[in-house]
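Please keep the structure in view while reading.

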Amino acid sequence: MIEGNDNVSLTRRSLILSGGGIGIFGLLGTRLYHLQVRRAEDYSALSENNRFNYNIIVPSRGRILDRGGNVLALNRQDYRVELIAEQVKDIDLTLSKIAEVITLSDPTRERIRKDIKKHAKFVPVLVEDHLSWEDFSALNIRAPEIPGVVPKVGEGRAYPYNGVFCHVLGEVGKAKPSDVENDKDPLLRQPTFRIGQSGVEKGAEQRLRGKAGRLKVEVNAVGRIVREWPEANNRAKAGADVYLTIDAPLQEHAAEQFGEDSGGTVVIDVQTGEVRTLLSMPFYDGNRMVSGISSEELAVMNSDPKTPFNNKAVRGVYPPASTFKMVVMLAALETGLVNPEERVICTGHTKVGNKKFHCWRRRGHGPVNLVQSLQYSCDVYYYEMAHRIGIDTVHDVAVRLGLGQSYDLGIQSRASGLIPNRAWKQKNRRDGWWRLGDSINAFIGQGYVLSTPLQLAVMTARLANGQQAIRPHVIIGENIPEFADMNFDPAHLDIVRESMRQVCMVPGGTAYRDLPLGPSGVDMAGKTGTGQVTGISASERATGVVHNRDKEWRFRDHSIFVGFAPFESPRFAVGTIVEHGGSGSGRAADISRALLQKSLELDGLIVPPPAEESPKEPGGTL
Amino acid sequence: MNLWSFFWQKIYEINWVLPALIYMLGLIGVAMIFAATDGVWNHGAQQHLVRLIMAGGLMIFVALIDIRVWYHLAYPIYAGALALLAGVHYFGVVKNGSRRWLDLGITDIQPSEIMKLAIVLALARYYHDLGKDRVSHVFGLFGALVLIAMPAQFILQQPDLGTTLLLTMTALAMVFLAGINWRVIVAGLATAAVAVPLFVRFGLQEYQRKRIMTFFDPSIDPTGAGYHITQSKIALGSGGVSGKGFMQGTQRQLEYVPENRTDFIFTVIGEEFGLVGGLITMLLYMMLIGICVWMALQCRHRFSQLLVLGLTATFSLYVFINLAMVMGLAPVVGVPLPLISYGGTVILTVMTGFGLMLSAHLYMQSELPRGGR
């Protein structure tokens with residue numbers, strides 16, 4: 001049975017295979033040595049890489065304050081409740097238990113279910129945020145009985161003044177895809193991070209944002225955090241506070257003055273260009289925007305004819321109307337084509353060719369000189385100027401006074417308005433030739449001329465300053481370049497300013513009030529304007545002029561006023577437009593006057609008037 | 001002779017060194033599964049221990065049955081296994097994309113596992129009967145080819161590349177041991193050099209080809225198939241010489257190595273016990289295999305010798321392929337580390353195999369029908 005030969009061969013061959021096996025073990029052992037000894041460090045590092053992740057910590061956003069330290073934007077503790085799906089057995093039961101404490105709408109439940117499906121089971125899903133303290137504490141008491149429900153305290157942006165500063169401050173929101181593309185800061189990819197989307201929030205984003213912190217966390221293969229390893233040098237750095245030149249009490253006062261009216265007003269320090277007030281009416285509540293506003297509400301606001309979202313102070317363009325007359329006046333004096341004492345006779349209209357141009361006062365002003373032309377706001381005087389001076393000269397003066405250009409306040413979306421000249425019309429209108437009629441319209445601030453409340457305030461501030469071409473700004477600490485010299489003859493400016501004083505302080509002036517600006521008899525100067533919204537139609541001409549009050553709101557004239565005070569040593573300039581507010585000598589003049597008075601009071605330049613002079617609605621909500 | 005005393009006589013005669021080594025490796029398995037499941041006793045460790053004990057009973061039972069019974073059962077077992085494979089092919093249950101299981105009502109079985117033993121039994125019997133001289137003969141070669149090819153093609157179609165390779169390589173080792181002519185070996189190798197690339201191109205499923213490609217370059221698919229290899233190398237490499245300590249492996253704790261309870265259990269040994277632990281484990285396997293070879297060479301007839309050596313080859317190939325795979329030297333083919341990896345079927349197969357080896361050794365004096373010449 002045993003064949004020697006055979007067995008020798010089998011033994012030999014089994015030993016060959018055994019040798020092969022030993023060889024393989026040798027190879028495997030060498031490989032193990034290579035992996036575990038020679039390359040141990042590399043693989044240890046890789047293992048650490050696997051093990052640790054850095055989580056981004058979102059820093060606290062800087063606050064925004066007014067010049068007096070009043071907080072306009074801050075971070076408030078935001079009470080929210082989250083749900084960790086893996087700890088929940090029955091979602092419906094859990095949600096109904098939560099609903100016993102706080103109300104959960106059906107869309108919210110739907111969103112929660114969707115979010116749970118979208119994320120890994122251990123990722124917390126938001127149930128509801130912006131909870132009241134009562135709801136939050138009630139949930140905290142119930143939470144231990146409802147597994148998977150986690151009450152949390154986060155940070156949310158809040159605007160204590162509700163809406164008064166909404167157009168200045170803007171608001172924050174989730175980063176848009178375009179933001180993420182342009183800004184490589186890892187913070188933008190954090191779901192809880194909010195970026196400035198408009199206003200100062202956007203303009204001063206870099207200062208407000210702060211620096212992301214990093215938290216070293218140990219994670220497992222599916223990304224669950226197993227442990228945290230805080231490192232001192234990786235803490236988040238909070239954003240810096242930003243102070244504005246705005247004066248909160250003044251801004252609130254302005255809003256009170258406007259009441260239900262729509263429009264914008266800007267108060268500027270004529271020496272520094274600091275913007276004390278920048279208000280657009282009506283406003284909206286920035287807190288609602290941050291906490292999420294329903295699309296229905298949004299649609300209502302968007303279709304509001306008073307356009308709450310539009311920042312009318314910097315983006316609303318209106319014909320400056322008679323407030324433009326200072327520009328023409330200064331241009332006339334600069335060219336020397338008019339003698340201040342010369343009188344132009346106003347009969348109530350001027351005829352150019354076969355077209356009649358009316359003065360606002362149908363029966364005319366009679367003979368008026370330069371100063372009176374402004375005091376009474378005689379249109380015919382300026383029609384006469386249109387015959388004498390070219391539009392290009394007026395354009396040049398207007399630009400020197402700050403019209404027709406936009407100002408970077410660090411709050412974006414601003415309009416540059418329009419100051420026309422020959423070249424502009426050539427380029428932009430089919431009927432390219434500049435005609436006398438164009439000048440006649442332009443010289444009373446109608447026609448092609450457009451400006452914003454901010455520009456009107458700047459113009460007035462420059463007139464009041466007399467020397468420097470001040471530029472406005474709202475953020476304190478921004479680099480302000482030296483103001484250029486305007487190079488106007490001081491004697492000419494004195495004439496313009498004196499005319500403006502007579503508008504307000506001398507009986508017959510369009511904004512004359514038999515009330516002093518302060519007990520010490522501080523004078524103010526200004527100019528009214530009534531911006532036409534529609535031309536006077538042929539039928540109106542036939543039936544007689546329809547009174548402004550009888551027109552539909554949206555066809556009524558804009559009420560415009562610019563002014564500065566004190567007259568002797570100017571400090572503040574104001575530009576106000578009340579949309580469809582009627583004559584400039586009414587609403588806009590009242591508001592501007594109140595604002596100049598209040599700003600002087602706030603700076604201690606005049607003593608507050610006695611108590612009966614207090615606002616009509618005492619102790620308003622603002 | 002009293003049956004009882006015969007029983008005890010045989011129990012006494014069993015080569016107990018082999019079961020001792022088996023249980024040392026098995027207990028390493030219990031400890032590592034315990035670690036791999038984060039120290040939860042009943043997530044595998046307990047089951048593994050119970051299976052080892054029960055399969056140990058089976059091993060002794062198989063060992064006590066006379067080798068002559070196994071000689072006579074060799075072809076019937078093979079035929080039965082082949083029938084089951086055919087059954088799987090036509091009625092099998094699909095799990096994880098391949099058709100490997102047969103639902104018997106009570107339990108699912110994996111006929112390819114039975115075939116691993118059956119092929120060895122059948123080839124041992126075939127070469128025993130054939131005799132040495134006719135091994136390289138055309139008919140001798142043809143018979144072996146049929147015995148190997150029939151199950152191999154069924155298993156390949158399941159598809160289960162790992163088991164096919166294991167089966168084929170075991171069979172080829174037995175053909176070699178049976179004394180095949182060197183000229184045939186050279187001719188066979190030449191044919192293989194031509195046939196293997198063709199087979200890879202046309203005979204493999206897409207996922208199998210992908211696995212082989214990612215083995216050569218894991219970065220092709222770092223999160224898919226390459227992920228296993230990369231993470232497993234990281235686990236081993238970060239263990240260093242002495243390891244991170246029992247239950248201290250971070251790769252293991254953080255679940256970076258998938259299937260580290262089953263096929264990738266060696267990464268846990270490597271990460272927590274380092275090079276020392278890895279080499280000790282390998283040394284135990286070497287000793288176990290060495291004893292098997294020694295047992296084979298003690299046997300007196302070709303059937304027993306080829307049976308033991310064939311089963312040893314199967315076991316060794318399990319170990320080699322698994323270790324090479326874990327260390328990134330071989331593609332991920334889904335071969336467990338026998339005795340240590342969690343998984344019932346493997347334990348059953350391997351322990352039955354050891355039972356057969358013990359039986360061959362125990363009954364080495366038994367008279368078997370004379371082989372042909």
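The model is predicted. On that definition chain B has 14 helices and three strands, while chain A has 23 helices and 21 strands.

Chain B consists of 373 residues, of which 51% are buried. In chain A, buried residues account for 42% of 622. The contacts can be sorted by separation in sequence. Taking contacts between residues at least 6 apart, 72% of those in chain B link residues at least 24 apart. For chain A the corresponding share is 75%.

Helix H5 (residues 111-130) of chain B and helix H13 (residues 302-326) of chain B have axes that come within 8 Å and cross at roughly 150 degrees. Angles over 145 degrees count as roughly antiparallel, and H5(B) and H13(B) are therefore roughly antiparallel to each other. Their crossing is right-handed. On the H5(B) side the contact is made by B:Lys116, B:Val120, B:Leu121, B:Leu123, B:Ala124, B:Arg125, B:Tyr127 and B:His128. H13(B) contributes B:Arg302, B:Phe303, B:Leu306, B:Leu307, B:Gly310, B:Leu311 and B:Thr314. Sorted by class, this contact has nine nonpolar, three polar and three charged residues.

Another helix of chain B, H14 (residues 344-362), has 19 residues. From its first C-alpha to its last it reaches 26 Å, close to the 27 Å expected at 1.5 Å a residue. Of the 19 residues of H14(B), 17 are buried, so this helix is largely enclosed by the rest of the structure.

Chain A has its own helix H14 (residues 325-335), and its axis comes within 10 Å of that of helix H21 (residues 490-505) of chain A, with a crossing of roughly 150 degrees. That makes H14(A) roughly antiparallel to H21(A). H14(A) passes H21(A) in a right-handed crossing. The residues of H14(A) in the contact are A:Met326, A:Met329, A:Leu330, A:Leu333 and A:Glu334, and they meet A:His492, A:Ile495, A:Val496, A:Ser499 and A:Met500 of H21(A). By class, the contact comprises seven nonpolar, two polar and one charged residues.

How many of the 11 residues of H14(A) are buried? Nine are, so H14(A) is largely enclosed by the rest of the structure. The buried residues are A:Lys325, A:Met326, A:Val327, A:Val328, A:Met329, A:Leu330, A:Ala331, A:Ala332 and A:Leu333. Just after this helix, A:Gly336 has a positive phi of about 75 degrees.

A further pair in chain A joins helix H10 (residues 248-258) and helix H23 (residues 587-602), which pack at an angle of about 160 degrees with their axes 10 Å apart. H10(A) and H23(A) are therefore roughly antiparallel to each other, and H10(A) passes H23(A) in a right-handed crossing. From H10(A), the contact draws on A:Pro249, A:Leu250, A:His253, A:Ala254, A:Gln257 and A:Phe258. From H23(A) come A:Ile591, A:Ala594, A:Leu595, A:Lys598, A:Ser599 and A:Leu602. By class, the contact of H10(A) with H23(A) contains eight nonpolar, three polar and one charged residues.

How values were computed
Residues numbered from 1 in each chain as written. Chains lettered and ligands numbered in written order. Predicted model: local features only at pLDDT ≥ 70, side-chain atom pairs only at ≥ 80, totals over all residues. Helix = DSSP H or I, 4+ residues; strand = E, 2+ residues; numbered from the N terminus. Buried ≥ 20, exposed ≤ 12 C-beta atoms within 10 Å, placed from the backbone. Contact = placed C-beta atoms within 7 Å. Axes fitted to C-alpha atoms, helices over the stretch in contact; angles between N-to-C directions. Parallel < 35°, antiparallel > 145°, perpendicular 65-115°, else oblique. Left-handed = near helix turned anticlockwise from the far one by under 90°. Nonpolar A, V, L, I, M, F, W, Y, C, P; charged D, E, K, R; others polar. Expected span 1.5 Å × (residues − 1).
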